[in-house]
Amino acid sequence: MSNITDRKVVIIDESQIRIVAALVAISIVAYLFLGYIGLLILLIYHFFIQLYLTPLLSPLELIATFISSLLTHNKYSKNTSEKEFAAHLALTIVSVSMILEVLEYTRLASALILLLLVWKLIEVSKNICFGCRLYEFVKQKGIEIVSL
């Protein structure tokens, strides 16, 4: 049995990635202000679908695709393993927040969501992906990350 550590290189639309990050940030802000748990479910659904099925089933990806088609395209090649790792981190943060919210640890859940919000706002504004940077750091330390 062989372990697949890196995925193939594909063409990714940078503007669409940033739009999705902005939509995630907007969803988080709405959750923090409204406290509507359905927004956490939407985020869990988005990250789960993005990772394990196809992004085309995610409402955030569909909106981003539409907006991106209206804007100019800036495509580049990128290793998808980094983005997959970042999406796994985001899915973990949102899932733990959902569990904490259900257990009525609202402040701790909000703190985790606030961390994800800061992460996504920096990704949108400065085009810096913390999950991608963490992935590179882990790879430099010689830790093998096996794709799920």
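**Contacts, core and backbone of the predicted model**

In the predicted model, E61 touches Q16, V20, H46, Q50 and P55, leaving out residues up to four places away in sequence; contact means heavy atoms within 4.5 Å. E61 is found in helix α3, where helices (H or I, at least four residues) and strands (E, at least two) are DSSP runs numbered from the N terminus. E61 is buried yet has no salt bridge. Here buried stands for under 20% relative accessible area, exposed for over 50%, and partly exposed for values in between, with a 1.4 Å probe and protein chains only. A salt bridge requires a side-chain nitrogen of Lys or Arg within 4 Å of a carboxyl oxygen of Asp or Glu. The nearest side chain of opposite charge to E61 is K120, 9.0 Å away; Lys and Arg count as positive and Asp and Glu as negative, while His and the chain ends are not counted.

Residues are numbered from 1 along each chain as its sequence is written, and side-chain values use heavy atoms, with hydrogens and water left out. Local features need pLDDT of at least 70 and side-chain atom pairs count only at pLDDT 80 or more, whereas totals for chains, interfaces and linings use all residues.

The pLDDT, the predictor's confidence in each residue on a scale from 0 to 100, has a mean of 80 over the chain, and 84% of the residues reach 70 or more. Confidence is highest in α5, at a mean of 88, and lowest in strand β2 (residues 75-79), at 53. Over residues 1-10 the pLDDT is below 50, and this stretch has 27 contacts in the model beyond near neighbours in sequence.

The largest nonpolar core contains 29 residues. Such a core is a set of buried Ala, Val, Leu, Ile, Met, Phe, Trp, Tyr and Cys residues joined through side-chain atoms within 4.5 Å. V24, I28, F47, V94 and L116 have the most contacts inside this core. Two or more residues each are given to the core by α1 (14-34), α2 (38-52), α3 (59-70), α4 (80-102) and α5 (106-126). Of these elements, α4 provides the largest share, 8 residues. With residues up to four places away in sequence not counted, V24 touches L43, H46, F47, L60 and K120.

A30, in helix α1, has a relative accessibility of 23%. Apart from its neighbours within four places in sequence, A30 is in contact with G35 and L39. V96 lies in helix α4 and is partly exposed at 37%. V96 and L112 are 16 residues apart in sequence, and their C-alpha atoms are 8.3 Å apart in space.

Most residues other than glycine have a negative phi. E104, which is not a glycine, has a positive phi of about 65°. E104 sits in the loop between α4 and α5 and is exposed, with a relative accessible area of 68%. N127, likewise a residue other than glycine, has a positive phi near 60°. N127 is placed in the loop between α5 and α6 (130-140) and counts as partly exposed, at 39% relative accessibility.

A search of the whole structure for disulfides (pairs of cysteine sulfur atoms within 2.5 Å) finds 0. C129 counts as buried at 9% relative accessibility, and C132 counts as buried at 4%.
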